[in-house]
Amino acid sequence: MALLSESAKAVAAANGPAAPTAWQAWRYRLKVALREPTTLIGVLTALLFTYLIVVPIISIVLDAARVQFGHERRLSKDVGEFTLYYLDRVLFSPVSADLFWRPLLNTLSVAMGAILLSLVIGTVLAWLISRTDMFGRRWFATALIVPYMLPAWTFALAWTTLFKNRTVGGQPGWLEAVGLTPPDWLAYGRFPITIILALHYTPFVILLFGSALRRFDSQLEDSARILGARHHQVALQIILPLMRPALLSSMVLIFAKCLGEFGVPYVLGLPVKFEVLSTSLFRSIASRQTGVAGVIAGSIMLIGIITLLIDARLVREARRFVTIGSKGSMDRQSRLGRMRLPAAGFAATVFLMSVGLPLLTLFLSTIMKLPARFTLDNFTLDYWIGRDLDTVALKTGILLSPDLWAAAKNTLTIVGLASVTSGILGLLVGYVVIRTPVRLLSVYLRQVTFLPYLVPGIAFAAAYLSLFAVPRGPMPALYGTVVILVLALIADQMPYASRAGISAMTQLGKDPEEAAQIAGAGWLRRMTSIVIPIQKGSLVTGVLLPFISGIKGLSLFVILAVPSTDVLTTYSLRLVDYHYTQAANAVVLIIAAIAYLGTLITQKLTRTNLAEGLGS
Amino acid sequence: MPTINLRGAQKNYGVNSANAVSDLDLEIRDGEFMCLLGPSGCGKTTTLRMIAGLENLSGGEIRVGDRVVDCVSGGVFVPPEKREMGLVFQSYALWPHLTIERNTDFGLRLRKLPKAEREERVERVMQALDIAKYRDRYPSQLSGGQQQRVALARMLAINPGVLLLDEPLSNLDARLRLEMRAELKRLHKEFKTTIVFVTHDQWEAMTLATTIAVMNEGTLQQIGTPNDIYDRPANRFVAEFVGSPPINILDFGDPGTSDVTDKAEAYLAAHLPGLRSIGSVGIRPEAIGYAARTEDVPEGSFSGETTVTGVLPTGGNWILELRTDNHTLFLTTHVPPRVEQGARVLFFAPPEALHVFDADGRRIAEADDRLRSTATYN
Ligand SMILES: Nc1ncnc2c1ncn2[C@@H]1O[C@H](COP(=O)(O)OP(=O)(O)OP(=O)(O)O)[C@@H](O)[C@H]1O
Ligand SMILES: [Mg+2]
């Protein structure tokens, strides 16, 4: 025996080390994985996002199926026990039509209308901009995207300024003031909401469809024509099928956005009790119907998730198409001939309707005492910088109001803090996702940070309310604090931040860092002198883009903010509620200006295409 | 730098994939200039990265001198930043946000050397590599060849015991490549570093290396001096991979298919009586001669009749394509050929020029000695 083992040892020594056992291999891999903080950071961020993203969603879904405070007696169960009462109430009870089904139908019909309208306008404009010799097509290429940089409900306020009738108090609308009373259907509800959402999301179509058109290889078109196909045959049989993914994808995106849209239906729907899912959810929360809110929020999330899963499929399909085209052989323009001028006229009209008119209306409304009277004595700067006005509350011009500055300060601190944090977290997530040797961690982080993308903001806010409204464990109740807003905003922006981080790290590759490692740099040194300095640019984008979308965002704040934590958007909504039209419009203009300039600056700084930051 | 020793080193990237490197034993001695040579995807880069510590092992161990730096069963892993090796990446991997000078200085700063010494060393390598005049530029402002030299300078500055180079010349044009080869050879002498150099270019390997390690499909095929590799290839893969035009192989697999093969078999049977299981025989193109008349064929050599089917000048050298019924042989010569296409000639090769391989493609060393002795007797 002894002899045998001796010779075995000798063989092992001669042939190098024996093959490692499974346990040895595992221990070695663990050692390699834990050698650097990457994995540790990954685990910590994974935990953080589980808490900030997954837990709130679970919490609100649980709320929907548990007895809430105040209902113990009626349901003769204890608080927290399992119940189907809320589900039943929202989906099957006599009030279900008001709570859920009619809002659902309204949401669907508004979304469909907006999609159709924006597709019609958007595809034509996209084609004019990217494939024709229309006058001023370069200028239009930027100008027609502007509506998307402005908050959607800017347009809602402009609309009410023009078309408001006596259904609502406060200053009369312009049409009313000149003696033409607009009917309710024109002033409020489905019609204006549809139009406004359509105009707001037309840029989506222009960007997505336009870039697909630009990528389209005109050789495909030419070959069809050489084979004898006529113009319309080429359009129907070659171009349209190849454009289908882009079209479907913009439809799906617009739908998802409409689903979570709150400001527009709130401003325009409320006066005629026209409810969509988001306003119905808001009403349930405002009336402390937590269980009902849970069911509605859950439904919105479900619809959102399904929609975006469809989109993911379409994107994958689109990628299959993209490989067909060889790059660069495009940019051939159709000559419009006599239609050049009318085409430019069409584009100009769309621009006027979607940007010029609304902004001008809003601006004029803030410097006119009485609506729609264009005499010199009717103009005033009082609403901006006046003092001792004879109003009930807001006795100074908006720029002199401490409330505005408080709201502006809140906006900057809350949105700023959240953007900086999510920008940094995004880069960290990108780093871990790309570098960690633990695959599971990488996959989980990627997925969990993407999750909020599937959940409309208003539902996400409701989820936060459900989790953080009461103290849980070591966590005090956060409702009414700045903290809850910052946390919700961070979570809400993580999809963009982490995607930016992942793509930046992918682009960087591992070579520069490995070179530093070879030169003798440990982890911390590599981060501070190699990774972060090189990624400075994308870090700036990763902070600025969420910042802009946060500034104009409304749905998160409207649920989570209280007067003391008002940001600019909620402040202006409060002014709308109090019928301080001019002041509200002024605040909205300020927001629009910040959002617009911010976008421009970001684009200049990073030379990125807006289309990439589309989702934000 | 003490000897670097890989023992049974193994790398597997995925659960279900084949080994990128399997069971690799490799010894790199101090001051050696070793080339890892092999076709694309054979595991050269992987080997280099394992030595540097950028890739952890799936099995086996790596020692530097007596110290184990990487061992799966022992649970040892010394990270790259502690291995004191230099690695020049194929992509150069210069840090885009640092100037050339700061790129070169980076490693020295980490080592907290006094400023004066740092400056002196940076100056020295920048001068040696002729990049001092670009010191304030950023990498994106340099040409490929210049970036390449910065990548080298950056590693030389820290004076590593061993310098690992991954196809550093593959992105350069022919002239620059020649210059850089000479440069590398000079640096090897001047800095006395051990160099491990990855390439799939056999000429690069031949001209630079003191030792060549030929790899294929993740396994080591042969290790030896350039002459060893060329003159005594350990197996058919090495024989066929090294040399251009490639070695002529006569495969004894199916007898009767070709008369040269039959002739070779008969020839070997006569000269190597008792040697069985010969699988094939290889003859380098430059070892083959040709003659118009039987009298001019040296006695005792392996020869046969052929037709010249092609005369291909390659600038100073000529390749002759010789056809025997269904076999094509290539021969190279630096004497201008005196034959026309279509001429009938006799080819011949001295016995010691025959590389004899067994049925598995391994070299039969015994045959070498016996053939050589045949040669001297004649
Ligand atoms: N990160 C990786 N993941 C999975 N497989 C890999 C990875 N890197 C290399 N491989 C595989 O391992 C094998 C060896 O790759 P390696 O890069 O070492 O080849 P190479 O000899 O350097 O080739 P080349 O001359 O083309 O650079 C290849 O089959 C390759 O596909
Ligand atoms: Mg390689």
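Predicted model: local features only at pLDDT ≥ 70, side-chain atom pairs only at ≥ 80, totals over all residues.
Let me begin with strand 8 of chain B, residues 162-166, which is mostly covered, since 5 of its 5 residues are buried, where buried means under 20% relative accessible area, exposed means over 50%, and partly exposed lies in between, with a 1.4 Å probe and protein chains only. Helices (H or I, at least four residues) and strands (E, at least two) are DSSP runs, numbered from the N terminus.

Residues are numbered from 1 along each chain as its sequence is written, chains are lettered from A and ligands numbered from 1 in the order in which they are written, and side-chain values use heavy atoms, with hydrogens and water left out.

Back to the strand: Val162(B), Leu164(B) and Asp166(B) are buried on one side of strand 8 of chain B, and Leu163(B) and Leu165(B) are buried on the other, so that both faces are covered. Which strands pair with strand 8 of chain B? Strand 7 of chain B, residues 85-88, pairs with strand 8 of chain B in the parallel sense over 4 bridges, and strand 9 of chain B, residues 194-199, also runs parallel to strand 8 of chain B and is joined to it by 5 bridges; two strands pair if DSSP finds at least two bridges between them. Leu164(B) stands opposite Leu87(B), and Leu164(B) also stands opposite Val196(B) in strand 9 of chain B. Between strand 8 and strand 9 of chain B the chain passes through helix 5 of chain B, residues 174-191, in a right-handed β-α-β crossover, a term which says that, with the strands pointing away from the viewer, the path from the first strand over the helix to the second runs clockwise.

Helix 5 of chain B packs against helix 3 of chain B, residues 115-128, at an angle of about 145 degrees, with the axes 12 Å apart; axes are lines fitted to C-alpha atoms, for helices over the stretch in contact, and angles run from 0 to 180 degrees between N-to-C directions. From helix 3 of chain B, Arg124(B), Val125(B) and Ala128(B) meet Glu183(B), Arg186(B), Glu190(B) and Phe191(B) in helix 5 of chain B, where contact means heavy atoms within 4.5 Å.

Now to charged pairs. The structure holds 42 salt bridges over all chains, a salt bridge being a side-chain nitrogen of Lys or Arg within 4 Å of a carboxyl oxygen of Asp or Glu. One of them joins Asp130(B) and Lys133(B) at 3.2 Å, N to O, and here Asp130(B) is partly exposed at 44% relative accessible area, whereas Lys133(B) is exposed at 57%. Another joins Arg236(B) and Glu240(B) at 3.5 Å, N to O; these residues are 4 apart in helix 8 of chain B, residues 236-241, and therefore about one helical turn separates them.

Finally, in chain A, is Thr39(A) buried or exposed? Thr39(A), which is found in helix 3 of chain A, residues 37-63, is buried, with a relative accessible area of 7%. Leaving aside neighbours within four places in sequence, Thr39(A) is in contact with Ala33(A), Thr436(A), Pro437(A), Val438(A) and Leu441(A).
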